[in-house]
Amino acid sequence: MKLVFATNNQHKLDEIKSILGDKFEVVSLREIGCLEDIPETGKTLEENALQKAQYVYDHFHVSCFADDTGLEVDALNGAPGVYSARYASLEHPDNIELGHDSEANMDRLLRELGNNNNRKARFRTVIALIEKKDVCPCGCTSIKQVHQFEGIVEGKIIREKRGGEGFGYDPIFQPEGYDKTFAELGTDIKNKISHRARATEKLAEYLKTFRL
Ligand code: IMP
């Protein structure tokens, strides 16, 4: 059973494949010949995930899913949220090098929070699945069904970066129930409790019960 994951991020592909198992052949954008940058112009994680999946469905007519993740900090009214990847560059739109600069993103977040004692935050992942359903036995027409799955890990933003593993905001995010950051816990533990793992497990549960 073939399913396109709207990403070219090998780390995400491996993580998803290990959760979904052999029952599904998960392929990347590159593997279906989609080399363009898919627009992500939504104002929410839900809109962005759906926009990416819809793009693949419209251009390649296959069942597919896409994800979007954000770090939501309570004291910053949910920022950086959907803008997590480009949080630092939003302050300096002329500096394109800051585009996906994790260090700059973390520095801005720590600066915005300052000495605020409310450090509560969460990572939230949304996966949008577009399922292609043939309605005619010869396959001449098809309808689609859209589903969304959410995964959340609660935690807090610590005051200084700690740890060398992972990526993005991992050195400043400490998940609830642990005294180490994601960057200190390492990928084995992180992949068991992460927002993405939780959303993917929900996707896997759904896929087990339905035929694509
Ligand atoms: P994406 O939607 O998975 O590309 O995530 C958007 C941004 O959120 C990334 O560029 C990272 O800055 C941040 N992010 C997503 N997942 C994680 C994570 O597991 N750890 C730390 N940062 C993350």
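In this predicted model, a nitrogen atom of the ligand is 2.6 Å from an N or O atom in the side chain of Asp-170, a polar contact (a pair of N or O atoms within 3.5 Å; within protein, one must be able to donate a hydrogen and the other to accept it, and residues adjacent in sequence count only if both atoms are side-chain atoms). Because the model is predicted, local features need pLDDT of at least 70 and side-chain atom pairs count only at pLDDT 80 or more, while totals for chains, interfaces and linings use all residues. Residues are numbered from 1 along each chain as its sequence is written, and side-chain values use heavy atoms, with hydrogens and water left out.

**Around the ligand**

- Asp-68 also reaches the ligand, with a polar side-chain atom 2.9 Å from a ligand oxygen.
- For His-195, a side-chain N or O atom is 3.1 Å from an oxygen atom of the ligand.
- Taken alone, the ligand exposes 470 Å², and the protein buries 87% of that (accessible areas come from the Shrake-Rupley method with a 1.4 Å probe).
- There are 13 residues around the ligand, where being near means having a heavy atom within 4 Å.
- Among these 13, Lys-12, Asp-68, Thr-69, Asp-170 and Lys-190 come nearest.
- By class, the shell has four nonpolar, four polar and five charged residues (Asp, Glu, Lys and Arg count as charged).

**Aromatic rings**

- The structure holds five aromatic pairs, meaning rings of Phe, Tyr and Trp (its six-membered ring) with centres within 6.5 Å; planes under 30 degrees apart count as stacked, over 60 as edge-to-face and the rest as tilted.
- One of them joins Phe-123 and Phe-182, a stacked pair at 6.1 Å centre to centre with 15° between the planes.
- This pair links distant parts of the chain, with Phe-123 in strand S5 (residues 120-134) and Phe-182 in helix H5 (residues 182-185), 59 residues apart.
- Helices (H or I, at least four residues) and strands (E, at least two) are DSSP runs, numbered from the N terminus.

**Backbone details**

- Ala-79 and Pro-80 are joined by a cis peptide bond, with omega about 0°.
- Pro-80 lies in strand S4 (residues 80-81).
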